[in-house]
Amino acid sequence: MARKAKAVWLGGALVALAALGWYGFGADSDADAAVGSTRQLSASLGPAQAASQPVVAGSGPYSAAGLQSRQEQLVLWRGRYERAEQIYASYRDATRYPYDSRPIAEHPDQVRPFAPIAEELKLRNANGEEVKGLRLRTSQERVFLSGSESVKFTVAVRDENDRPLPLVIRNARAQSIPDSRTPIQLVQTSVAFSDDGASADDASGDGTYSGRLTPASQGFQNFGGTIRLLVELAADGKQGVVHFDVVYVPDVPATWTGVREALEAGSLNFYLKAQVRQAGRYVVSARVDDANDVPFALLQFNDEVAAGSREFKLQVFGALVLDKSPAFPLRLRDVDGFLLIPDKFPDRSTMARQAGVVHVSASYPKSRFSPAEWSSEERQRYLAEYGKDAETARRQVEELSSR
């Protein structure tokens, strides 16, 4: 699970890894292809240059065959040198910032993490057969929830011309989906859907029916796992079904208690305070916008945390600030976190979402941020190895060129 949780670092080094794959599998083939053109390159030497070489009949370093072989080797090693330099530069640039403080442009799917999950599907009946001429539009607020949190669902039907159709919700029931390894008592409850602009519904009479499930108050307070909502509906004289799945855990592992900030060692650190009830590995993510509401950075925390009053450190890396020049003050927003639960389903227990801006920083001059690149034992080791590859290829090029 720790490897999954550190996916953001792997995503940040994607360019470097892609380049590595290119070098490992493509460098020789590309260079060998270039060798195929070396005969043309050799032919371009011309009579005068050819005459200046001590060509001896048969084989040898100064024979025509030897000259052609050196030219082929030179092209090969030049290609390897170029690729080794590209790999070094790509990895260096991709790891300039730490894995937990990245430009949010690298993670476009994380810019609006709390946007509803919307889908447009073919309407199908209870047998899974397509209902001709009708399409279904659905949304759900979230997949994972815990404690007293709730989730909203919407359903609408459109015809082939994308016109909304009158809809009847015949039945909507949520039920627990038991883990096959653990026998549990089945839990079922009805969920009310309406298009009256009240309760969960946003606008009356717009053809979109909305319903809300609150597991803790609807019979699931002792259940942890998948809850499936099955909605039976009718439109234009035809019947169809749609289902939604959520993953629920009744216990909340930790609660938020505030935020503080500190400019330390040339980077801006946000400390998210929490009262931790259950110790373990926590993964926390937050987004940072600049003063003009331009998305700037994705910050993450991934570490073991003991129970008690704790702080989750989220760092805005100094070099990232200097490179991207966000307008201050910075706005910390849309914070989510969860406790990883290894070897079990559900594999996480979520903390309450903090939607919107949760903290606004002070304004700092750029001179207070450090331009230093991120450093770690692993990064230095990789840079050293990639540097050796480039140096080896460079020496080969120099040796072949000097002959």
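Me: Asp334 lies in strand 17 of this predicted model. Why is Asp334 called buried?

Reply: Its relative accessible area comes out at 8%.

Me: What makes the Ser150 and Arg212 side chains a polar contact?

Reply: They sit 2.9 Å apart. The cut-off for a pair of N or O atoms is within 3.5 Å, so the 2.9 Å pair qualifies. Ser150 itself is in the loop between strand 4 (144-146) and strand 5 (151-158). Setting aside neighbours within four places in sequence, Ser150 is in contact with residues including Glu141, Leu145 and Thr214.

Me: How do you know that strand 2 and strand 3 pair?

Reply: Pairing takes at least two bridges, and strand 2 (residues 117-124) and strand 3 (residues 130-140) have 7, so they count as paired, in the antiparallel sense. Arg124 stands opposite Glu130 in strand 3. The two strands form a hairpin with 5 residues between them, and Gly128 in the turn has a positive phi of about 85 degrees.

Me: What is the omega of the cis peptide bond between Phe345 and Pro346?

Reply: Omega there is about -5 degrees. Pro346 lies in the loop between strand 17 and strand 18 (348-350).

Technical notes: Residues numbered from 1 in each chain as written. Predicted model: local features only at pLDDT ≥ 70, side-chain atom pairs only at ≥ 80, totals over all residues. Heavy atoms only, no water. Helix = DSSP H or I, 4+ residues; strand = E, 2+ residues; numbered from the N terminus. Polar contact = N/O pair within 3.5 Å; in protein donor to acceptor, adjacent residues only side chain to side chain. Contact = heavy atoms within 4.5 Å. Buried < 20%, exposed > 50% of the residue type's maximum accessible area, 1.4 Å probe, protein only.
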